[in-house]
Structure formats: C-alpha cells, structure tokens
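The sequence and the structure are shown first.

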Amino acid sequence: MIVTSSNSHFKMITQHDHALVSGEIARNWLDSLFEGGLYRKEVEYAVSQHDCAWIPLDKHPTWNEEKDQPHSFMDYPLEPKVEHYRKGIGLVENQSEYAALLCSQHYLSFFDENTTNSTITDFISQEMIRQDKIKSILDIQVPEEYIDFHFRLLQFCDDLSLYLCLNEPGTAKEDEDPMFKDGFRQQFSGIEGIIKAKWLDEQTVSVSPNPFKNLFKVEIPYKAVSKEACETRGLLQAYDLTPNELREVYIR
C-alpha cells in the first residue's frame, strides 16, 4: 500500500493500482527511444504487473504501531512481503518468462546482496536460480544492453507513478516528497540530462526532457480513509467502508 497522511485522513493507494499506472506510462514511451522493440509487449506486461504480489496483502491493510499509521510498502513486515514477492514473480512467469525475469531483477534491486538476513539471502538465492532457469528456457539472445534498458524502463515507470501517488496534486516543487524532488535516477540513450517531473496545476504534470509520444492521461484510484474511523472502527473496517475516489493526471 502507498500511504500518505493529512490532518484528518490517510490517502491509500494499492500497489497494483499504482503498477497499472506504471504500465500506462510504459505504453506511452516514444517508439524511437524504445530499445529491443521485439519484446515491447512483454516489457509493458512486466511494468503493469510488477506489483501483483501485493494484491492479497493490500486487501487486508495492517497497522504500524510504531508509526501509528497503516503499513506502507516501505515499512511492511519483511517475511510476508518477501514471500509474496516470490509468489508475484511466479504469477508473472506463468504468463511471460521474460517479464518475470525483469520483475525478479526489480525485486532483487531492493536488497543489499551482502546482507546476513536469512530471509533476504534465501530470496536472493532462489531468484538467481529462477533467473538462470528462465534464461536457459528462453535461450535468450537479447543483447545485454536491451535487457538493461528494459529493466531501467520498468524502474523509471515505477518511480514516475510513485511520484504521482506520493505528491498531492498541484504540490509546489519545494514541498514535494524528497524521493524524486531532484529528478529520477534512470538515464537513457537519446535523452540528455536528468529527467524531472513538476506539477503545473492540480491535474497536470510536466516531464522534462519528455520521453513520451503525446500528452496522455492516467487514472489513480485511492481511498481517503478517515483517521477518526480508524480509531473507532479499526483500520480494516474503516478501509473497507471508505469509497474509492479517482485522481486524474495528465502527463505532458
């Protein structure tokens, strides 16, 4: 779950809804900037489904006692999170081995390979085995630079979608979430400099340099869950009873 807090509410966006927005961003990437276009459909599938692991977890949000708010994807308990990562990659693999390879790389990027935590080391080991098996099955002959581009594109689309979710519409640059205030970490051939995003108004975000085909719209479902309802009813009931709302954003 993606969670932001105001005085009276928690804005809550499911990880899968955020990932579907990431997929829409990928579909609008300029053809001339897309490397390895033969795999484009599988890459777009990977981007849109990269957080399907969270679907069952986000149906039952849990409370973070330490922070006194719902658990977000950043502080969710490690063991169930990693177990669902594994299951989610498996679900993607059932539809596309290449998409699963990209999702596996994405999840492994979250962790320090030098960690001594057994949950993480076991996950890394099993995913490396999965990746080797997928490469063997597909006998992938895709140049490494294409695989690297597809992986960076997944992460960029993920980051831009997070930018749209973590910042309230119309947020001034100086007030943005610090994660992406100074731009995005990924760089791409054909695009000079750091890609940055900025809210122009409450419905429009400018991305510069712009890697997209045209102006396009994304829709982000969310729930504004009352903090008072969380106290009186408990988080799960408060979340279930809160109606869905829709954030519409034009990207240009």
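## Cysteines

Cys 157 counts as buried, because its relative accessibility is 0%; buried means under 20% relative accessible area, exposed over 50% and partly exposed in between, with a 1.4 Å probe and protein chains only. The closest cysteine sulfur to that of Cys 157 belongs to Cys 103 and lies 12 Å away, too far for a bond. Cys 52 is likewise buried, at 8% relative accessibility. The closest cysteine sulfur to that of Cys 52 is also in Cys 103, at 7.0 Å, which is too far for a bond.

A disulfide is a covalent bond between the sulfur atoms of two cysteines; the criterion applied here is a pair of cysteine sulfur atoms within 2.5 Å. A search of the whole structure finds zero disulfides.

## Basis of the model

The model is predicted: local features need pLDDT of at least 70 and side-chain atom pairs count only at pLDDT 80 or more, whereas totals for chains, interfaces and linings use all residues. Residues are numbered from 1 along each chain as its sequence is written, and side-chain values use heavy atoms, with hydrogens and water left out.

Helices are DSSP runs (H or I, at least four residues), as strands are (E, at least two), numbered from the N terminus. Helix H7 covers residues 144-166. Of its 23 residues, 19 are buried, so H7 is largely enclosed by the rest of the structure. The end C-alpha atoms of H7 are 33 Å apart, in agreement with the 33 Å that its 23 residues should span at 1.5 Å a residue; the expected span is 1.5 Å times one less than the number of residues.

H2 (40-49) is mostly covered, with seven of its ten residues buried. These are Arg 40, Val 43, Glu 44, Ala 46, Val 47, Ser 48 and Gln 49. They pack against H1, H4, H5 and H7, where contact means heavy atoms within 4.5 Å.

Helix H4 comprises the 18 residues 78-95 and reaches 26 Å from its first C-alpha to its last, close to the 26 Å expected at 1.5 Å a residue. Its buried residues include Lys 81, Val 82, His 84, Tyr 85 and Arg 86. The cover over the buried residues of H4 includes H2, H3 (55-58), H5 (97-108) and H6 (118-138).

Thr 119 is placed in helix H6 and is buried, with a relative accessible area of 19%. Not counting residues up to four places away in sequence, Thr 119 touches Leu 78, Glu 79 and Val 82.

## Pocket and cavity

On a 1 Å grid over the protein atoms alone, a cavity is a set of points where a 1.4 Å probe fits but cannot get out; a pocket is an open set with protein on both sides within 12 Å along at least five of seven lines, and lining residues have an atom within 4 Å of a point. Grid points are joined across faces, edges and corners, and a volume is the space filled by probe spheres set on the points.

The largest pocket holds about 340 Å³ of space. Of its 19 lining residues, the closest to its centre are Phe 73, Tyr 85, Phe 110, Asp 158 and Leu 162. H1 (15-27), H4 and H7 each supply at least two residues of this lining, and H7 gives the most, with four.

The structure holds one cavity of 30 Å³ or more. The largest cavity is lined by Met 1, Leu 57, Asp 58, Pro 61, Thr 62, His 71 and Tyr 76.
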